[in-house]
Structures are given as C-alpha cells and as structure tokens.
Amino acid sequence: MTRFVLKRTGGALLVLLTLSVAVYLLFYAAPADPARLACGERCNPVQVAQVREQLGLNDPLPLQYLHFLQGLVAGREYSGGAGTVLHCNAPCLGFSYQTDQQVTALLLDRLPATLSLALGALVIWLAVGVGTGLLSALRRGGLTERALTVLTLAGTGTPVFILGLLLLMAVCAYLQWLPFPTYVAFGDDPEQWAWNLLLPWVTLGLFESAKYARLTRSATLETLAEDHIRTFRAYGVAERAIVTRHALRGAVAPVIALSAVDFGTMIGGAVLTESLFGIPGLGKTLMDGVRVVDLPVVVGVVLAIGTAVVVAGAVGDLLHALADRRVALV
C-alpha cells in the first residue's frame, strides 16, 4: 500500500507540473498581448510598454514561467510603477486586471460557495444514485427495475440547466414552496444558507445520480455473479448478509473513485448551475473572467480546477484501493 501511495502521489505531482506548463503556455504565449489586456484599449504604446515591464513580460518565456512557479511556491514581487513594489503572497497567481485584487484572495473568497454546492450535491447523488442502482440490481427483470431504468435514462439525457429551470418554475413560481434562491454565506445564517442551496443541491444531485445509478447497478450485478458469492449461497448464507457484507463493498469501490473525480470537477465545473442560481462560486468567476478577458483570473481558476481534479483523483484512487485491496497490487 505504501508503494501504491507513493506511486500515485508522484504521478499527481507530475500531472500538476505538466498542467501548469500547458496553462501558462496556452494563455501567456498566445498571440494576444497580456500587457495590452492589462492596460486596456485606451493605453498608448508607452503605457503598454510600462505595463509589460511591470509584469515582467520582457523576459524570455522560460524565465517568465520560472518566475510564475516561484510565485506559486514562495511569492513574487511586481513593479507597481513610480518605484513602488507590490508583493504577492504565495501561492501567487498575479493580480486581477479589473480589480487589482490578488487572484488567490479572490479565489479563496469564492471557494466556500462552490464547496457548499459540491458537498451538498455529493450527498444527494450518492444517496439517490447508489440506492437506486442497488435496488435496480436486486429487482432485476421486474417492474421496479424497468421503471428505475427509464428514470435513469431520462435523468442522463436531461441537461442540468433544463432540470434547474423546471425546479425553479415548479417549486418557486408555481407551488411557491420556496423563494427564489439567493446565496447566503454559512457564517451569516446557516439556516438560510441551507434553504437557498436546496434547489441547486437537488439539481446537481439528481443530474449526477443517474450516472451513479447505472454504475452501481452494473457493478452490483457483476459482483453478484462472481464465484465467491455463489459459494456463500451454497453454504446457506443469508441473502441480506451477502449483499451488505460482500456484494455492496465490491460494487461501491468504483463508485468511490468516480465520486472523488466528479467532486473535483464540480469545484469549477458547475458553471451552469452557479449562473442559473446566482451562486458566486469559482465557475461563475471563470465565466466573468472570460467575458472581460481578465487573464490572471482565468489562469487562476483553470489551475485551481485542474489541481482539484488531480488531487481528488489521487484521493479517489487511494479510497478505491482501501475498499478493494486488489487495486493496490496493480
């Protein structure tokens, strides 16, 4: 297991390094001039040259990337003009072109909203998806299994923004059970935080649960068909014990790995849900940064999303190995 953990950790670090190189080259080696973007359309060539010097864009590209890595690890200093120096604390992702705020501080300010959305959706999609998939596998061939299969296929084919709009119209407009959601921070009012995130949780949870229902069903059926399950039945072991102690553990192992990856993706991938419900998270921040071409914000969010996916994938592999020790031997 130790060898497995070291191998996965080394692989994750290598992927993160590759990701940083790819993102930096994609955005800073592009035809668009970052100095022009930072200065604005009304800047004259002299002002653009000053901004380029302040941002260190006159250095060779490899040296710029090394400074970028240095900023992530130990912080970085930028020239503020007129002899002033701006210090950017590690992990430094630069300053927003629009607000002059440190990108790291901006992301940390938006992260709680995204984590609140992702954690609540995770609970729902695991509870609904695993429960539905397990029930469908145990009722194979019956009316229950057919009905759940139809619902699963419908959930898989329904776009998340359509599901969210339907819930908003039904729950908030027609039935008026809830007011239209307005994000409230957990520290300000925990009760309102939960009520205003209920519909976004249900929207993302139901959308993702369809995938987990299908995965759980196929994994459970595969596990129930293995030889050791037949042996347990031949020895007269109760069916409930076989399902809960043996079949469910084997079926849940791939679900754990996929959940970790999906949770990492959800850190920045819930753009439509955050925009639909007005949640000030990382996904909405990314869309706002793209709209106004705020390069440091876009780069920061992309790196944050990529890091979350890589770390979540590594954690998922570890949890998968703990649930199924055979994985650690691969």
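**Exercise 1. The end of H12**

*Solution.* Start with the helix itself. Helices are DSSP runs of H or I with at least four residues, strands are E runs of at least two, and both are numbered from the N terminus. Helix H12 covers residues 282–291. Two ground rules apply throughout. The model is predicted, and local features need pLDDT of at least 70, side-chain atom pairs count only at pLDDT 80 or more, and totals for chains, interfaces and linings use all residues. Residues are numbered from 1 along each chain as its sequence is written, and side-chain values use heavy atoms, with hydrogens and water left out.

**Exercise 2. The buried face of H12**

List the buried residues of H12, then decide how they are placed around the axis.

*Solution.* Step one is the cut-off: buried means under 20% relative accessible area, exposed over 50%, and partly exposed in between (1.4 Å probe, protein chains only). Step two is the list. Leu282, Gly283, Thr285, Leu286 and Gly289 are the buried residues of H12. Step three is the view down the axis of H12: the buried residues fall within an arc of 160°, so they line one face of the helix. The arc is taken from the directions from the helix axis to the C-beta atoms.

Asp288 forms a salt bridge with Lys284. A salt bridge here is a side-chain nitrogen of Lys or Arg within 4 Å of a carboxyl oxygen of Asp or Glu. The closest N and O atoms of this pair are 3.6 Å apart. Both residues lie in H12, four residues apart, about one turn of the helix. Asp288 is partly exposed at 23% relative accessibility, and Lys284 is partly exposed at 28%.

**Exercise 3. Salt bridges, local and distant**

How many salt bridges are there, and which parts of the chain does the bridge of Asp317 link?

*Solution.* The count is seven salt bridges. Take Asp317: its partner is Arg8, with the closest N and O atoms 3.4 Å apart. Asp317 sits in helix H13 (residues 295–323) and Arg8 in helix H1, 309 residues apart, and the pair links distant parts of the chain. Asp317 is partly exposed at 28%. Arg8 is partly exposed at 26%.

Next, a local case. Arg230 bridges to Asp227, the closest N and O atoms being 2.7 Å apart. Both lie in helix H9 (residues 227–234), three residues apart, about one turn of the helix. Arg230 is partly exposed at 46%, whereas Asp227 is exposed at 55%. Finally, Glu208, Lys211 and Asp262 are linked in a network of salt bridges.

**Exercise 4. Aromatic pairs**

Classify the pair of Tyr24 and Tyr65 as stacked, tilted or edge-to-face.

*Solution.* Set the rule. Rings of Phe, Tyr and Trp (its six-membered ring) pair if their centres lie within 6.5 Å; planes under 30 degrees apart are stacked, over 60 edge-to-face, and the rest tilted. The rule gives five aromatic pairs. Tyr24 and Tyr65 have ring centres 5.7 Å apart and planes at 65°, so the pair is edge-to-face. Tyr24 is in helix H1 (residues 2–28) and Tyr65 in helix H4 (residues 61–74), so the pair ties together parts that are 41 residues apart in sequence. Both Tyr24 and Tyr65 are buried.

Trp193 and Trp201 also pair edge-to-face, at 5.4 Å centre to centre and 75° between the planes. Trp193 is buried at 16% relative accessible area, and Trp201 is buried at 13%. Ring pairs also link Tyr24, Tyr65 and Phe68 into a cluster.

**Exercise 5. The nonpolar core**

How many residues does the largest nonpolar core have, and which helix supplies the largest share?

*Solution.* A nonpolar core is a set of buried Ala, Val, Leu, Ile, Met, Phe, Trp, Tyr and Cys residues joined through side-chain atoms within 4.5 Å. The largest has 25 residues, and those with the most contacts inside it are Leu117, Trp125, Leu199, Leu204, Met266 and Ile279. Helices H5 (103–138), H7 (160–174), H8 (190–224) and H10 (239–269) each supply at least two residues of this core. H5 gives the largest share, seven residues.
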